[in-house]
Amino acid sequence: MKKCLVMIMTAILAVSMLAGCGSSSKETKAPETDAAANEAGETAAAGEVTTIEEGVLKVGMEIGYPPMEYFDEDGATPIGFDVELAQALADDMGLELELVDTAWDGIFAGVDTDKYDVIISAVSWTEDRNNNYLLSKTYVANAPVIVVPNDSDIADIQDLEGKSVAVQMETTADYLVQRYVADGLNTDLRQYEKVINAFDELKTGRVDAVCTDSVVAAYYLGDEASNYQNVWEADEKEPICMCFKKGNDALKDAMETALDNIKANGKLGEIATKYFGSDITADLD
């Protein structure tokens, strides 16, 4: 009984001391400034954004689409516009970057099944994709183009009548040519797993033209300017954006904020100029 009474008194004393400490701390704490409150709010908001693996931004990417994403001469180091963009975004968000190399024909299924947090891989904005996924604001202007040898008589997409054209399968360029074929254009549409294969076919003369994104064509025309040219560009622009799983609005918003930050500090323009020869992001909202 005595032991119990001592324990009870000890507990009461401990609670009283804790209460005193709490009161003292509250009294000596400096008033929070508006700036400090805002900073605390921003930190809390950022904390609400979760990724598949804590502290890591996993990015789905088909590393075979120069100049957007491809391997360096060592065949193992990813380089390209999207690679550096992803790194800059991860750095701004305080996250470690992990690239997940994924075949294009399965890249959207991968974000749906949480293999990665976001796709940053020259994803063109389309109505269908917008209906099925969460697309970010545009970060690069883009449009489908036709690339041919300088001595070609092809000057328009309609001139592909009776000719062969190579595309990367399941890209917007592929869908574009398919629409023309459905409307009566008699062209030999050849689909390849990677856009590099399409350009290899053009260089060896096995196809008459390549239809691809303007950002990709600019890269190949830069290397082969004396032999090839861009002769036609679609009226419909297909801006490039990031792609998220439906419902992942918090991560989308956080990454768009990071995108705004690296645009404002000049990093985005610097990366664009490095790979495209000019800042083609300058006029984007």
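Visitor: Where is the place of Leu284?

Guide: Welcome! This is a predicted model, where local features need pLDDT of at least 70, side-chain atom pairs count only at pLDDT 80 or more, and totals for chains, interfaces and linings use all residues. Residues are numbered from 1 along each chain as its sequence is written, and side-chain values use heavy atoms, with hydrogens and water left out. Helices (H or I, at least four residues) and strands (E, at least two) are DSSP runs numbered from the N terminus. Leu284 lies in the segment after helix H10 (267-276).

Visitor: How many Å apart in space are Leu284 and Tyr139, C-alpha to C-alpha?

Guide: Contact means heavy atoms within 4.5 Å. Leaving out residues up to four places away in sequence, Leu284 touches Thr138, Tyr139, Val140, Ala141 and Lys263. Leu284 and Tyr139 are 145 residues apart in sequence, yet their C-alpha distance is 7.0 Å.

Visitor: Is Ser214 buried or exposed?

Guide: Ser214 is found in helix H8 (residues 214-223). Buried means under 20% relative accessible area, exposed over 50%, and partly exposed in between (1.4 Å probe, protein chains only). Because its relative accessibility is 18%, Ser214 counts as buried.

Visitor: Which residue in S9 stands opposite Val167?

Guide: Two strands pair if DSSP finds at least two bridges between them. Strand S8 (residues 164-168) and strand S9 (residues 188-192) pair in the parallel sense over five bridges. Across from Val167, the residue in S9 is Gln191.
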